Amino acid sequence: MNWQTLIFGNLSWSVLPENAIAWFGALTVIAGVLAVVGVVTYLGRWQWLWDEWFTSLDPKKIGVMYIVVALVMLVRGGSDALLMRAQQATSVGDSYGILTSTHFQEIFSAHGSIMIFFLAMGFMFGLINLIVPLQIGSRDVAFPFLNSLSFWLFFAGAALINCSLIFGDFSTAGWLAYPPLSELRYSPTSGVDYWIWSLQIGGLGSLLSGVNFFATIVKMRTKGMNWMRLPMFSWTVLGSMTLVIFAFPILTVTLALLYLDRTAGMHFFTAELGGNMMMYVNLIWAWGHPEVYILILPAFGVFSEVVPVFSGKKLAGYTSMVFSVWAIVVLSFIVWLHHFFTMGAGADVNAFFGIMTAVIAVPTGVKIFNWLFTMYRGRIRFESPMLWFMGFVVLFTLGGVAGVVMAEPPADYQLHNSLFLVAHFHTMIVSGVLFGYFAGLTFWFPKIFGFKMNEKWGIRAFWFWLIGFILAFGPLYLLGFEGATRRLDHYSSSLGWQPLFIVAGIGAISIAIGFSCQVAQLVATFRDYKRNRVGNDPWDGRTLEWSVASPAPSYNFAALPIVHSRDEFWEEKHGASTQEQKFEDFSMPKNTGAAVIVSSFVFLLGFGAVWHIWWLVIAALLGATIAVLVHVFNEDSEYAVSGAQLAHREAGLQYPTSL
Amino acid sequence: MTDEFDRSGILSVDEKSKDSTIVFGFWMYLMTDLVLFASLFVVFVVLRGPEYGGASIKNTFDLQYVFIETIALLVSSFTCGLALLFAREGNVRGTVSWLLATFVLGAAFVAMEVSEFSRLLAQGLAPARDGFLSGYFTLVGTHGAHVTVGLLWLLAMVVAIAGRGLSRGNMRKLALFAMFWHFLDVIWIFIFTIVYLMGVL
């Protein structure tokens with residue numbers, strides 16, 4: 001080993017991008033980072049950012065940071081999607097499109113990994129942070145520091161995955177990196193290692209959040225909020241966090257074993273010397289299938305809040321909604337094999353998993369019908385959160401039915417790895433998960449900022465997204481039936497697929513316009529914020545979060561509310577229930593930069609592990625350990641808030657505001 | 001969202017409910033660790049068959065040696081329990097002494113494991129040799145790494161208790177440490193049974 005390898009590991013000048021499009025990606029990242037740094041420095045806002053945001057343990061601020069990072073990652077993943085659509089629309093016959101096949105493979109691998117781990121997961125934890133403590137009548141989460149650490153680990157993972165745009169390449173093995181392709185023999189560059197470590201770091205953050213919010217909902221509910229009075233969003237989050245607790249350790253193990261195979265020459269999943277590659281596929285889906293429900297359950301929760309509010313009625317079938325959440329939680333752990341019926345596990349095994357998969361449509365159907373029953377004879381207001389729901393309920397039901405089709409093993413043998421499958425899961429994750437999160441963001445935005453989002457641009461965004469989605473993924477269902485497999489970078493012109501691929505490309509452009517509308521929406525929202533100011537209850541809400549001022553104060557509730565019924569705030573507004581204000585002293589956590597420091601070390605650890613810079617790995621591990629110990633043994637981490645002082649101040653805040 | 005309250009002066013409100021939340025959260029963390037070990041056990045069992053090289057190693061395990069290792073770890077759990085009992089009585093010296101005894105036993109366990117690993121490596125039985133050995137070293141090594149982290153935590157506890165005494169914060173951390181240490185015991189009992197006993201007998 002020479003000194004260069006000792007210091008730089010596998011890093012060298014040859015790892016810089018190879019072609020024009022890759023250079024463009026790299027320069028965009030560098031320019032983006034420089035622009036942000038430049039603007040913040042120009043405005044002299046570093047101190048403010050550090051004091052008010054980076055070191056904040058307020059879940060509402062952490063939630064906002066999650067959503068900002070998630071939307072930035074949506075731009076990254078969306079650019080990947082546009083490139084893929086451009087390639088498939090043009091790479092036919094004698095034309096080979098704009099991407100090399102290796103580059104195309106990197107892009108679809110990055111697209112999937114980024115959209116699931118850094119868009120959807122980040123957006124989800126953002127919404128959970130914003131609303132769960134408020135909804136359960138709590139001042140904070142169970143472990144405020146851990147919450148900050150979760151966010152910063154998520155950020156470190158996102159930063160690491162974007163490093164691959166500049167240094168080296170990314171995995172070409174798909175978003176789940178099946179071996180033996182992802183093993184060292186077939187993927188000798190550092191691409192798969194980037195995939196492993198950015199997911200490992202982001203996944204660790206998710207795991208900690210899972211524990212945190214599970215404990216928060218179980219232990220921190222306010223007085224009187226027994227289980228059957230818990231708002232539906234919090235129920236779905238509890239279900240989702242249960243899945244995180246049981247599923248994410250499996251991902252941690254699987255990624256670690258793949259890294260050991262690649263780095264220490266072990267034989268867990270190799271094609272020789274006792275490795276078992278199908279074990280990888282089983283393990284990754286034992287995490288991966290619950291992961292889908294981790295994402296969708298909170299989206300169901302958002303709709304269960306949005307539909308009653310915009311229909312002016314209470315949620316139909318609350319009890320059945322709760323039971324369907326837990327039916328989904330349990331069932332989601334016994335369906336993983338439907339991702340690879342073609343493994344050939346035998347008729348009996350495939351039949352079991354096929355039936356279980358079809359059965360999971362039952363609790364989901366219960367939810368769909370309950371939302372429709374809630375709307376039935378309600379006074380419906382079609383504001384943008386409700387529009388997202390309308391788009392969701394149609395598309396999600398269709399996509400779900402496509403899923404039941406594929407749950408039948410004989411049909412799946414035909415549809416496996418086809419574009420039909422791709423269209424199915426995009427229907428579930430885009431029109432299910434993403435539409436739900438957009439609805440949630442619009443719905444809860446005023447509670448965090450004190451003003452509503454711009455409705456005009458919101459409605460435009462919805463229509464472009466909806467029509468774009470149908471155009472982009474409708475053709476993929478048809479192409480899948482015609483035998484088009486996923487991940488094709490080129491096909492013969494005699495197949496006649498090109499027109500449909502072009503339609504899909506137009507759909508992708510429409511979605512991009514929809515996203516641009518959302519950017520315009522944000523700009524307009526912050527520009528006109530004075531005009532859009534609202535009181536504590538802009539939508540005629542039903543649950544506790546609407547009882548406090550907008551924006552919600554850092555301590556959420558000056559006096560902890562006592563809950564007497566399911567829709568406590570609604571009952572209060574209608575005189576069926578009253579709050580007795582009792583101001584007590586309490587303590588709040590002090591801001592701390594420890595999570596930023598720990599996560600910076602973890603980022604360096606990941607970077608070192610990707611490039612085999614072992615001194616950096618050891619040094620970073622040491623640094624992170626010391627930073628954690630210093631924080632843990634610091635007993636001066638809280639400050640006191642005086643109830644009397646607060647009572648005085650609240651008098652000026654007009655609490656609670658009547659309609 | 002800024003607040004203008006006086007940040008000086010610490011007030012401990014409802015410390016009891018905070019204790020119970022922390023213990024509950026730690027149980028949840030232990031559940032995640034349990035799933036982590038469960039996955040490693042599954043991997044080990046899948047790769048145990050003779051076709052993965054498992055048969056060749058049977059004779060190299062020394063049950064007697066592993067039994068002594070096991071006793072060291074089990075007794076360390078007992079001494080850890082004693083430390084907790086002394087802590088509840090507010091006896092700093094007793095607590096620190098039994099924690100140190102726990103440390104010695106835990107360190108002996110790790111040392112024995114390291115020496116067994118190096119014996120296997122010297123025989124050419126390295127983790128990169130085949131699937132079985134990959135599974136074996138990773139499962140047992142992950143447990144060993146947990147014990148090592150526990151030892152570091154233990155040392156930090158000793159320093160903190162010697163310095164600040166049995167403060168509320170230290171009592172809390174001690175209780176969590178005891179849960180962690182007993183948990184590692186339980187995992188080891190499964191390793192002893194599934195890896196060693198079922199491997200040799």
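Biologist: Which residues have the most contacts inside the largest nonpolar core?

Modeller: Keep in mind that this is a predicted model. Its largest nonpolar core holds 246 residues. Inside that core, the residues with the most contacts are Ala120(A), Leu160(A), Phe303(A), Val306(A) and Tyr437(A).

Biologist: And which helix gives the most to this core?

Modeller: Look in chain A, along residues 101–135. That stretch puts 21 residues into the core, and the helix it forms is α5 of chain A.

Biologist: Back to Leu160(A): what does it touch, leaving out residues up to four places away in sequence?

Modeller: Leu160(A) is among the residues with the most contacts inside the core. With residues up to four places away set aside, its partners are Tyr194(A), Trp197(A), Ser198(A), Ile201(A), Phe603(A), Gly606(A) and Phe607(A).

Biologist: Now the place where the chains touch. Which element gives the largest share of chain A's side?

Modeller: The contact takes 46 residues from chain A and 38 residues from chain B. On chain A's side, elements giving two or more residues include α4 (59–90), α7 (191–219) and β1 (586–589). The residues there divide into 27 nonpolar, nine polar and 10 charged. The largest share, nine residues, comes from α8(A).

Biologist: How many helices does chain B have?

Modeller: Walk chain B from its N terminus and the elements run α-α-α-α-α. There are zero strands in chain B, and its helices number five.

Biologist: What percentage of chain B's residues is buried?

Modeller: Buried here means 20 or more other C-beta atoms within 10 Å of a residue's own. Chain B has 201 residues, and the buried share is 30%.

Conventions:
Residues are numbered from 1 along each chain as its sequence is written. Chains are lettered from A and ligands numbered from 1 in the order in which they are written. This is a predicted model: local features need pLDDT of at least 70, side-chain atom pairs count only at pLDDT 80 or more; totals for chains, interfaces and linings use all residues. Helices (H or I, at least four residues) and strands (E, at least two) are DSSP runs, numbered from the N terminus. A residue is buried if 20 or more other C-beta atoms lie within 10 Å of its own, exposed if 12 or fewer, and partly exposed in between; C-beta atoms are placed from the backbone. Two residues are in contact if their C-beta atoms, placed from the backbone, lie within 7 Å. Ala, Val, Leu, Ile, Met, Phe, Trp, Tyr, Cys and Pro count as nonpolar, Asp, Glu, Lys and Arg as charged, and the others, Gly among them, as polar. A nonpolar core is a set of buried Ala, Val, Leu, Ile, Met, Phe, Trp, Tyr and Cys residues joined through C-beta atoms within 7 Å.
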